[in-house]
Amino acid sequence: PVAPRREQVEAVVKEAYEKFRNDTNGKNADYIPYLAKVDSKLFGIAIVTTDNQVLTMGDVKYAFSIQSISKVYSLALAMEELGPDKVFEKIGSEPTGRPFNSPVAVVDMPTHSGNPFVNAGAIATVSLISGSTADEKWNKILNFYSKAAGEKLVLIDEVYKSEAATNTGNKALSYLLAKYDRIYADPFESVDVYTKQCSVGVNATQLARMGATLANNGVNPATGERVIKAEDIPHILSTMMVAGLYDGSGTWAWNVGLPAKSGVGGGIVAIAPGKGAIAVFAPPLDEAGNSVKAQEVIRYVAERLNYNIFSPT
Ligand code: GLN
């Protein structure tokens, strides 16, 4: 009842799939060697509504690395443990207007970590999650993501190894954070757990369900389990609105008006609060590191289904 009629949604998703499937703009991320080799033609769309209807199109079984979309759920986990005020005080939520890996978030932002969705702020967020060992933290994170997805998720080991061998920039960020007392556990250990969380495999349907958990006020619509406190949801979604697509966030807000999060693996998930979530996977990225086709599809679908949260009608 809260979502538009299923046939209408199906028709719009199909239109979007056909319209954008042959778009060859953008290119795979290549600073993580594994990602350069993923088939650029993979393309999947999934919608999960708050009443647990599932609509899929294309390559929705392929498990890709969640990458920066993980940051949303680690933020949620940190808030579960510490409450929103403490997390806000320790991390902040200011858009940086800079690339996701920029040290400007640390050296030139009043919060010295930017927000939880740029790498610096995300590494700091991981460092807030409690656990006596790195493994304990990592398992807690993986379990939490799995609850949001409603299925057991696993690490893509090759992605993890590929990124762990090349993540000098993130290690540098972790020590910059330390310089400003804005990291709350061992810097390199935090980067390692962060690298693992980015290497978690999800398919488009699982990602849409993770999004639907946010749209459904923190309750996974498939399992009925409460994963995130209702009071945390507005903080998470507003942060997605201002910083979910990094230095593409303003353009995204202007064009689409939905809180969303992208990852360099090629996924984007967008949330229509109270209605559902749409996840799109297509590896080629624009300059800011956001999937080209995923942005096009979500914009197209959101416009036609009138999902823009700023639209008065
Ligand atoms: N793991 C990636 C990194 O740290 C995540 C970046 C992203 O998806 N934007 O660079």
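**Group meeting: ligand shell and domain contacts**

The ligand lies between domain 1 (6-67 + 200-304) and domain 2 (70-198), because both give residues to the shell around it. Keep in mind that this is a predicted model.

Let me list the shell. The ligand is surrounded by Q67, S68, F100, N101, N119, E163, N170, C198, G263, V264 and G289. By class, that shell divides into seven polar residues, three nonpolar and one charged.

Next, the domains. The protein chain is divided into two of them, domain 1 covering 6-67 + 200-304 and domain 2 covering 70-198. Taken over C-alpha atoms, their centres are separated by 20 Å. As for the contacts, 36 residues of domain 1 meet 36 residues of domain 2. On the domain 1 side, the elements that give two or more residues are α2 (33-36), β4 (201-202), α11 (204-215) and α12 (233-243). Of these, α12 gives the most, with six residues. That side of domain 1 has 18 nonpolar, 12 polar and six charged residues.

Now, two backbone points. Most residues other than glycine have a negative phi. Q67, one of the residues around the ligand, has a positive phi, near 50 degrees. Q67 sits in the loop between β3 (64-65) and α3 (70-82). Is Q67 buried or exposed? Q67 has 26 C-beta neighbours inside 10 Å, so it counts as buried.

The other one is D181, also not a glycine, with a positive phi of about 55 degrees. D181 is in the loop between α9 (168-179) and α10 (187-198). With 8 other C-beta atoms within 10 Å, D181 is exposed.

Key. Residues numbered from 1 in each chain as written. Predicted model: local features only at pLDDT ≥ 70, side-chain atom pairs only at ≥ 80, totals over all residues. Near = placed C-beta within 6 Å. Nonpolar A, V, L, I, M, F, W, Y, C, P; charged D, E, K, R; others polar. Domains from an automatic or database assignment. Contact = placed C-beta atoms within 7 Å. Helix = DSSP H or I, 4+ residues; strand = E, 2+ residues; numbered from the N terminus. Buried ≥ 20, exposed ≤ 12 C-beta atoms within 10 Å, placed from the backbone.
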